[in-house]
Amino acid sequence: MSTSSSGSDPGKGGYHHGELRAALVAAGLAILEEGGDASALGLREAARRAGVSAMAPYRHFPDKDALLAAVATVGFERLRCALQAADGGGESDADAREALYAQGAAYVAFACAQPGLFRLMFSARSGGSRPETLCEASAAAYAVLSDRVATLVPAAASAEEALRSWALVHGIASLVIDGMVGEAVRTDPQAAAALASRLLRLEPIVG
């Protein structure tokens, strides 16, 4: 079979340059959405789903870890969008605090709705020498949270308070998707978000 000069990939997919990369990432996301994990997400399976030869993905990804990193990057982009949508703005302290709680609930709901993707995003497999695009996507998602925290606390305390807030919601999310707070919550993003919202509003017992 001949290959056109436009950069299309050989095989029954007939993708042009760039389209195949997107199709492979979409295949990876689909595997995770179907309940698979990073072990099931490989170049060969992604190629099969995209309908191209087993060698075609190597034009875009040198190895499996590169594909995982690309999928994780999309995950952080989706998380950023979820946090931004939940924030809702607000200038007063009360509105800002509600926006922060809403972000926390959205974070946990995101993890519950897409546990395979969430685990990949924070796994070493998507890291190592982390690609710049992955680092940027991760930082952009975190910035939504840290920027909101910065409206509530003095500048000197902002970085540590943002880290504390992130650790809290990430811990809740991890407990939820690992089934540590009940099956009904693990399988219901709305219930997970409601639980997170209640926990985030609890006043500290000490301190």
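Arg49 is partly exposed, with a relative accessible area of 34% (partly exposed lies between buried, under 20% relative accessible area, and exposed, over 50%, with a 1.4 Å probe and protein chains only). The structure is a predicted model, in which local features need pLDDT of at least 70 and side-chain atom pairs count only at pLDDT 80 or more, while totals for chains, interfaces and linings use all residues. Residues are numbered from 1 along each chain as its sequence is written, and side-chain values use heavy atoms, with hydrogens and water left out.

**Overall build**

- The protein has nine helices and zero strands (DSSP runs numbered from the N terminus, H or I of at least four residues for helices and E of at least two for strands).
- Of the 207 residues in the protein, 40% are buried.
- Among contacts with a separation of 6 or more, 66% join residues 24 or more positions apart (a contact means heavy atoms within 4.5 Å).

**Helix α1**

- Helix α1 covers residues 19-33, and its 15 residues should span 21 Å at 1.5 Å a residue, which agrees with the 21 Å between its end C-alpha atoms (the expected span is 1.5 Å times one less than the number of residues).
- The buried residues of α1 include Leu20, Leu24, Ala27, Gly28 and Ile31.
- Those buried residues pack against α2 (43-50), α3 (64-87) and α5.
- Just after α1 you will find Gly35, with a positive phi of about 105°.

**Salt bridges**

- The count comes to nine salt bridges (a side-chain nitrogen of Lys or Arg within 4 Å of a carboxyl oxygen of Asp or Glu).
- As background, side chains of opposite charge can pair when their charged atoms come close.
- In helix α2, Glu45 and Arg48 are three residues apart, about one turn of the helix, and their side chains meet in a salt bridge of 2.7 Å, N to O.
- Glu45 also forms a salt bridge with Arg49 (2.9 Å, N to O); these two residues sit four apart in α2, again about one turn.
- An α-helix has 3.6 residues a turn, so residues three or four places apart point the same way.
- Glu45 counts as partly exposed at 23% relative accessibility, whereas Arg48 counts as exposed at 55%.
- A network of salt bridges links Glu34, Glu45, Arg48 and Arg49.
- In helix α8 (residues 183-186), Glu183 and Arg186 are about one helical turn apart because three residues separate them, and their salt bridge is 2.4 Å, N to O.
- Both ends of that pair are partly exposed, with Glu183 at 47% and Arg186 at 31%.

**Gln114, in a loop**

- Gln114 belongs to the loop between α4 (93-113) and α5 (115-121).
- With a relative accessible area of 18%, Gln114 is buried.
- The side chains of Gln114 and Arg78 are joined by a polar contact of 3.0 Å (N or O atoms within 3.5 Å; within protein, one must be able to donate a hydrogen and the other to accept it, and residues adjacent in sequence count only if both atoms are side-chain atoms).
- Setting aside neighbours within four places in sequence, Gln114 is in contact with Glu33 and Arg78.

**A nonpolar patch**

- Leu175, Met180 and Val181 make a nonpolar surface patch of about 280 Å² (patch residues have over 30% relative accessible area and no salt bridge; like charges are joined within 9 Å, and nonpolar side chains, namely Val, Leu, Ile, Met, Phe, Trp and Tyr, within 5 Å).
- Leu175 lies in helix α7 (residues 155-177) and is partly exposed at 43%.

Technical notes:
Areas by Shrake-Rupley, 256 points an atom, 1.4 Å probe, with all protein chains shown as cover.
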